[in-house]
Amino acid sequence: MDLEVQERTRAHYDRHAPADANSRQGMEERQNGLAFPLKQFHNEVKKQLLYRFARDKPRLLDLACGRGGDLHKWVGAGVRYVKGLDLSPNEIDEARRRYQELLTRKPNLGQRFRADFEPSDILGVRDWMDEPGAPKYDIVSCMFAIHYFFVTEAGLKQFFRNVSLNLNTGGYFVGTCPDGKQVMSAIGDKAEVFKSPALILRKLWQGKPACFGSTFKCAINDTVTQGLDDEGGSEEFLVFWNVLKALAQEVGLTPVAEYNDDMLDSSFLKGDKKHPFKHFNPRFDRSHPSLETASALNVAFVFQKASEPEGISSARIQKRKAEEESLDGAASEQPTKRQKQADQNGHAPSTSQSDPQQGPPPSSAPGRYRGQGSELARLVMLLC
Ligand SMILES: C[S@@+](CC[C@H](N)C(=O)[O-])C[C@H]1O[C@@H](n2cnc3c(N)ncnc32)[C@H](O)[C@@H]1O
């Protein structure tokens with residue numbers, strides 16, 4: 001992971017989070033905004049994906065959850081527990097605030113739905129796992145965010161490792177993101193920038209795009225990607241389906257080609273019915289056509305965890321052993337302090353996941369894949 005890029009992404013989202021400080025006021029502003037039809041459609045796609053693949057599941061892990069915009073969808077899908085992680089502490093604060101607001105409005109909801117939101121800057125850096133003893137998740141989601149992990153090969157590999165480490169065998173990994181090929185074709189071969197009333201795309205990669213780190217700026221008017229100045233926008237990276245698929249397969253994730261759901265299928269291009277990278281098919285009446293162009297950059301994908309690769313199961317065992325050893329050691333060194341922490345939390349003390357001193361070392365994520373310059377580079381050349 002490129003930590004400087006990650007820091008810029010965090011700053012971008014931290015700046016935007018408070019813009020929506022009050023849900024009701026935020027809702028009114030959103031409804032009057034230019035991008036409202038796009039947001040509605042994207043929310044509908046996410047909802048249908050969750051209703052299809054997360055229905056009544058006990059535990060969902062949402063990676064890059066933002067400000068908890070999917071809270072109502074999780075409740076509607078009948079998910080019972082959600083853990084949401086995000087790089088931006090301000091987005092996490094807003095997610096927690098929305099969750100509390102929802103519980104205040106619906107006091108009985110707490111009996112059938114719970115959520116925890118935590119800031120995390122390690123998803124593309126090292127292993128993330130819950131406290132020892134916690135069950136894995138039935139579904140992992142990453143909505144409109146996996147493109148940030150295409151900054152480096154190591155970042156994306158570590159991200160996928162975290163998906164697999166936390167997902168039960170048989171469980172689904174569901175997501176949405178812009179498709180690199182769509183972004184490239186919107187900008188065009190010769191141009192550096194695509195400018196329209198609703199969407200600005202600025203090419204920042206040089207020459208032929210590479211599998212990783214092919215940067216572009218994306219600003220969709222009236223959305224969280226919008227820049228605060230003319231050069232602004234969110235710094236994003238081209239996503240290539242073959243690369244995504246190759247790295248997912250290394251951690252036991254197999255693409256799901258057919259959703260067998262008419263409602264969901266109607267949101268995507270008909271030609272993608274049997275293809276696992278499903279392009280959005282927006283139809284907005286009364287809006288600028290470039291808003292449709294902005295929406296049509298995106299795809300949905302679903303993977304199912306078919307197997308538990310050796311590297312993944314052993315990492316969980318090692319993590320548990322390390323936690324137990326550190327607890328044993330700490331218990332004999334500082335019984336009073338650690339016992340206090342356990343008592344306050346109501347459970348056994350765990351090490352901080354975001355503290356590099358205490359977590360496990362960065363993983364080498366062994367596998368068949370040998371990286372840029374070999375198989376993946378060949379795949380991208382085929383794509384471009
Ligand atoms: C476009 S928002 C999507 C938020 C949410 N998933 C949704 O669909 O509404 C992208 C989110 O990705 C988060 N993000 C970007 N890079 C990340 C990283 N390395 N680790 C965790 N979150 C990250 C940002 O902070 C931001 O909240």
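This is a predicted model: local features need pLDDT of at least 70, side-chain atom pairs count only at pLDDT 80 or more; totals for chains, interfaces and linings use all residues.
Residues are numbered from 1 along each chain as its sequence is written. Local features need pLDDT of at least 70 and side-chain atom pairs pLDDT 80 or more, while totals for chains, interfaces and linings use all residues.

Student: How many residues surround the ligand?
Tutor: A residue is near a molecule if its C-beta atom, placed from the backbone, lies within 6 Å of it. Ala64, Gly66, Leu87, Met143 and Tyr148 are the closest. The count is 18.

Student: Which helix gives the most to the shell around the ligand?
Tutor: Helices are DSSP runs of H or I, at least four residues, and strands are runs of E, at least two, numbered from the N terminus. The top contributor spans residues 3-16 and supplies 3 residues. That is helix α1.

Student: What is the strand order in the open sheet of 4 strands?
Tutor: Two strands pair if DSSP finds at least two bridges between them. Pairing here is antiparallel. The order is β6-β7-β8-β9.

Student: Why is one side of β6 and of β9 left without a neighbour in the sheet?
Tutor: β6 (193-195) and β9 (234-237) stand at the edges.

Student: Which residue in β7 stands opposite valine 193?
Tutor: β6 and β7 (residues 199-203) pair in the antiparallel sense over 3 bridges. Opposite valine 193 stands arginine 202.

Student: What percentage of the protein chain is buried?
Tutor: Buried means 20 or more other C-beta atoms within 10 Å of a residue's own, with C-beta atoms placed from the backbone. The chain has 384 residues. The buried share is 40%.

Technical notes. A residue is buried if 20 or more other C-beta atoms lie within 10 Å of its own, exposed if 12 or fewer, and partly exposed in between; C-beta atoms are placed from the backbone.
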